[in-house]
Amino acid sequence: MTDTSDTDTSDTDTSDTDTSDTATSPTPHGRDRVLRRTAAIDRDKGREAVLRITRMTLQYPARVAVALIATVAAVLTQLSIPVLLGRAVDQTQAVADGTGGADMLWTTALILLAVSVARGLFTLIQNYTAESVGHALAYDLRRAIYDKIQRLPFSFHDRAHSGDLITVGMLDLEGVRMYFSTALVRTVLLVLLIGIGAWLLLSTDLLLGLLALSFVPFAAWRSSVTQLTLRRTWLLLQERLGVLSQVMEENLAGIRVVRAFAAADHELAKFDRASNDALKLSYSRIDTRVNSSAIMTLAFFAAMGLVLLVGGRQVAAGEISIGALTTFLTFMTLLQMPVRQLGLMVNAFARASTCGARLFALLDMPLEVDDAPDASDLKVTEGTLRLDNVGFTYTGEGQAVSNISFEARRGETIGIVGPPGSGKSTLMHLIPRYYDVDEGAITIDGQDIRDATLSSVRRAVAVVQQDAFLFTTTIENNLAYGDPYAADAQIREASASAQLHDYVDSLPEQYDTIVGERGVSLSGGQRQRLSIARTLMLKPAVLIFDDSTAAIDAGTEGRIRHALRDYAEDRVTLIVAHRLGSLKHADRILFLDKGRIVEQGTHDELLALNGRYSALHDLQTNPDTKIPEAAQ
Amino acid sequence: MSHINANPEPQERHDDGRPRAPRAVVGSHRIEEEIFGRAFDGRVVRRIWAFVRPYRRQVAISVTAVMVFTAMQLAIPLVIRYAIDDGMAPDAAPGTLALIVAIFAAVIGVNYVASRLQEGVTGRVAENVLFDIRRQMFAHLQRVSLSFMDKTEVGRLMSRLQGDVNSMQEFLESSILSVGDILLLFGIVFVMLWLDWQLGLLVLAMLPVLFIVRVVWLTRARAAFMAAHEANSITNGALAEAIHGVRAVQGMDRGGLNYDLYADLARDNYRKHLRSSRMAQVMVPVVDTLTGIAMAAVVVVGGAMVASDRIEIGVMVAFLFYIQRFFDPIRSLTMQYSVMQRAMASGHRLTEVLDVEVSVEDAPDAVALGPDDDASVEFRDVTFGYDPNHPVLHDVNLSAKSGETVALVGPTGSGKSSCMALIHRFYDVQKGAVMVGGHDVRDVTQESLGRHIAMVLQEPFLFTGTVMDNIRYASHWASDDEVIEATKAVGAHDFVMELAGGYDAMLDERGGNLSLGQRQLISFARALVADARILVLDEATANIDSYTELQIQKALQTLLKGRTGLVIAHRLATIRNADRIVVLQQGRVVEEGDHYALMDRNGLYASLYDKNYASFDDLPNNFTQEQRARAT
């Protein structure tokens, strides 16, 4: 009874539901996904995980020792209370019978008070240190997870669902955190409480002791089975609620489509299906819980009734005292809560094993792209980029690029075109080592980028992505993302070059305007211009535009290009674009198809070739197809 | 900014030489909504009651069950008392003990039934109310004005539909159960005073002490709990950001700095959780000490009373039992206070959503547009503004006869999108009228209007589900063959068949596994399946690769065949193919006619065309003035 603090929940598994921030949107289809929430955890992995968590808690030996000692002390003080109460009753009777003095009662009362205070203090120490071990563990794991996620290469993130990763970092972390206090310490507490208590009772009176403890095995079994069932259905319920929230969220985000098709009824039917599925499961969870909780209470009171009957007979027969009977009864009330909560303990073990297994799977994930053991920083001197027979294959797919060779020197601009799926983006992602090449080599000033530290390669090669992720912070912070110490003037300059400054200046809070997911929403073109500006801040040796001007009109793009003329002198620029107008000025243009370079040369050379490039050019310049490009 | 920043020395100085902190944060601090409101708000409670009313019989049952359950809880120590005093006394009549134990059995039997009813019925009612509120809100959001939806973030509405309804459920459930707590508290007080008022008063003296300690503790503890909760969501938010933005972080080599910033957040989170844990546990020794004092008092004073034959020994034992249960209801009741405050704040927000005005409703005598009505669209002197004081359309007149294609062009903010929204009656005009098929849109049912008009939005929004489901969407009447037919007609069949599973392939959230061009084609097919007589289309502005572009142009022609088309056009080809072009500027129609007529006019359109602007949206701000100046 005393170990139920306000933050502790009794018969429910609400500790699992502390997930207000998770975006668990289950994707029902079976794409090859790593760390899937619903994937079964194999038994050995689970056991290993529990052992590993146990070992990890030993990193805090002092706190673990204090928690365990306090647990023992709390159990002992707790157990002495029924004994003291029984003695008080007997003494009272003795005083009434005139066989004892009232001072005995005073002594017992004072001991009772002292023991109560001690019990409270020990319980406090036990709970607090146990929780602090969990929090300390969580603190370490949080940082390890964060670090790991930042280091895992693109190939991992391509396969991992962000919702699953968030779940590992929040829910699984909780499961591991709770392990020490709810699984380990509680087990110790329960074993001691039942063990010592049973010995105490059985040695007093075997039959009565057996009766008093008779509810324990039943309640323990019931509670464990129920908690495991609840855990299973909880996971299922989360999945169904995930579907429901997806239905609602998509409806609200796509409300214009819903209205345009007058589809409110259709949407409500969809909502009702998802909602009823979840409600049905909620019902069954309530039933499971109610069934088990009521039957456990019944078992407990039935045992108490038996003790009352048999014990009462013995009292009447003068075999035991009323005090002894009181001891039995109060001991039973003392035991009731912890035994009922045994299921929580079992649940905590189950949680720790699945959560731990998933969490360690993430932490142990090998880094496919990592610093070589003897890696040194890339030294940029001439600023020459060279690709030699480069080939690359995504896991489980056909070869994405092959036999790519070209060289680009400082000041040169290379254009890259090709139909969708021809490997343009893939190629661009190999140069900053987002992926490592499978064949051939990429070098910068003669140094293989696989021999250089990742950090120095990323500093030397920067990519303006197709779909830039903006951070929910000020425009200024976004611009300075890669160079947080930059001077204001530099930020303004980059912003002006990317033709962003005028727009930002027109905002009420200018560079302090919050953008990103929860900030002012920017148009596609504005996002791309912001992304260009923040990449300019990096001053890389190789600057790559990966189809990153699609939402910017030709006129603005021309102005950006103009503003970057000097900037481009100091580095290699690679531009992937659909609009040939964006590439006309390039020193060389590579035409990619099916992962190979099929044509290359200057704009004029390629036109003269009358091949693929020139066909594409015709397609784009035909005025009935597309507005001609803005004049240069 | 023209040197290469290969080995970055963080420039840790301000422009004026002062060292500066990096412009860097991880995670965005979310603006927390007010969590606690007044503990009681009559208006909110009345609104919520409307949802509970349908279940009032079940509520009555569960309240009754709670009362019975509480009475049984009170009765058990009393039965034990009589068992001791009457059943176990040496002079007791034979069978008395058995009788009392039989009564005990009856009590626990009733207790079993009551506890099942109490938990089961209460749980179900609360779940039902939760789902009902959510459904009504969701249904309401399908009807509220679009301008409300435009202004309101999806995330905000989602937290109404999830977090806020959940706290109502918690409130409802715990309210019914706290009836039991109040009853138990008063019951124990009453029974104690009834057993012996002097001893009762002595024990009850602990109550106000605990109550005061509890209230003082509660405010501080809640601050600590909130701080921990907030630190947790900040830390988790930063983790989520790292996961979503991992490519940007790695690309800009920000991992190291981010890790340090995150470690700071995690440490703060760790400290706040330790503090919160201390606050939670500190009540344990307080309650235990007060329990100890009460027990000691009963032992000393009660013992003396038994000795002087004022009370029987069973009474003393009963007191000892009651003391063990004494503090539970106070704990639940003080917690209930927070639950109520939270619920009132949530309830307030819920009613706000439920009260959002439905501005566009079917007129009582609205007629349904049928297949016999023609497919003409006409604007008669339409004046409209989202805010009536700031019209965005002024006296607009335009018309499209059945089968005609009309292109709307004009700079951003000229009112094109508003015109489109009015045709579908997303909003009501302030002056004039919008006629569809010869009827004022306000005189026809929205449902039939929706069937008469198909809409293709600029940003193709797809739902999670199969390709088939997405294309069919709300057109339930369409067979699979018809869907496939439509998909072939827009030229999307080939790439659909290339997806694993073909038409049964699942689309990711928002169709993330398709390219923008493919999503657009799917949304064309969706509009084609809906087979409406009028097509309203907002052409995409973003540049798509030329190959897909060509397909889209072809699909557009298929789509417009035999339909009245109103197209917000960005592509020259689309504009030139239109029967008529309407040029909008600042909410007014400034030019109208076909391409050649407009070229002859030599006005805005002609100058846009001559200047080869890639899109009519990206006009320089001063274009109009320049144009006017030239014209005069």
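Predicted model: local features only at pLDDT ≥ 70, side-chain atom pairs only at ≥ 80, totals over all residues.
**View 1. Strand β1(B) has a partner in β2(B) and another in β4(B).** Start with β1(B), which covers residues 377-384 of chain B. Its pairing with β4(B), residues 431-436, is antiparallel and takes five bridges.

**View 2. Helices α7(B) and α10(B) pack against each other.** Here α7(B) runs through residues 206-244 and α10(B) through residues 283-307.

**View 3. Helix α6(B) joins the picture beside α7(B).** Residues 197-204 of chain B make up α6(B). The axes of α6(B) and α7(B) come within 5 Å and cross at roughly 15°. The two helices are therefore roughly parallel to each other. Leu202(B), Val203(B) and Leu204(B) make the contact from α6(B), while Met206(B), Leu207(B) and Pro208(B) make it from α7(B).

**View 4. Strand β3(A) is a buried strand.** Zoom in on residues 413-417 of chain A. Five of the five residues in this strand are buried, so β3(A) is largely enclosed by the rest of the structure. Thr413(A), Gly415(A) and Val417(A) point one way, Ile414(A) and Ile416(A) the other way. Strand β8(A), residues 572-576, runs parallel to β3(A) and is joined to it by four bridges; the bridge partner of Gly415(A) in β8(A) is Ile575(A). Strand β9(A), residues 588-593, is paired with β3(A) in the parallel sense, also over four bridges, and its Phe591(A) stands opposite Val417(A).

**View 5. Four strands of chain A form an open sheet.** Follow the order β2-β1-β4-β5, with antiparallel pairing. The edge strands are β2(A), residues 399-408, and β5(A), residues 447-448. Each has a single partner strand, so one side of each is left without a neighbour in the sheet. For β4(A), residues 439-444, the pairing with β5(A) takes two bridges and is antiparallel. Look for Ile444(A) here, standing opposite Gln447(A) in β5(A).

**View 6. Asn251(A) is a buried residue in a helix.** You'll find Asn251(A) in helix α7(A), residues 215-253. Its relative accessible area is 0%, so Asn251(A) counts as buried. Leaving aside residues up to four places away in sequence, Asn251(A) touches Val258(A) and Glu267(A), plus Phe138(B), Gln142(B) and Phe463(B) from chain B.

**View 7. The largest nonpolar core holds 102 residues.** Phe215(A), Met304(A), Val307(A) and Tyr322(B) touch the most other members of this core. Pick Val307(A) and look around: among the residues it touches, beyond those up to four places away in sequence, are Leu208(A), Leu211(A), Gly312(A), Phe328(A) and Met332(A). Apart from this core lies another, of 92 residues, including Val257(A), Ala260(A), Met344(B) and Leu393(B).

View 8. Chain A comes to 21 helices and 10 strands, and chain B has 23 helices and 12 strands. Of the 632 residues in chain A, 60% are buried; for the 632 of chain B, the share is 57%. Chain A exposes about 23,500 Å², while the accessible surface of chain B comes to about 26,500 Å².

Notes. Residues numbered from 1 in each chain as written. Chains lettered and ligands numbered in written order. Heavy atoms only, no water. Core = buried A, V, L, I, M, F, W, Y, C linked by side-chain atoms within 4.5 Å. Buried < 20%, exposed > 50% of the residue type's maximum accessible area, 1.4 Å probe, protein only. Contact = heavy atoms within 4.5 Å. Pairing = 2+ DSSP bridges. Areas by Shrake-Rupley, 256 points an atom, 1.4 Å probe, with all protein chains shown as cover. Axes fitted to C-alpha atoms, helices over the stretch in contact; angles between N-to-C directions. Parallel < 35°, antiparallel > 145°, perpendicular 65-115°, else oblique.
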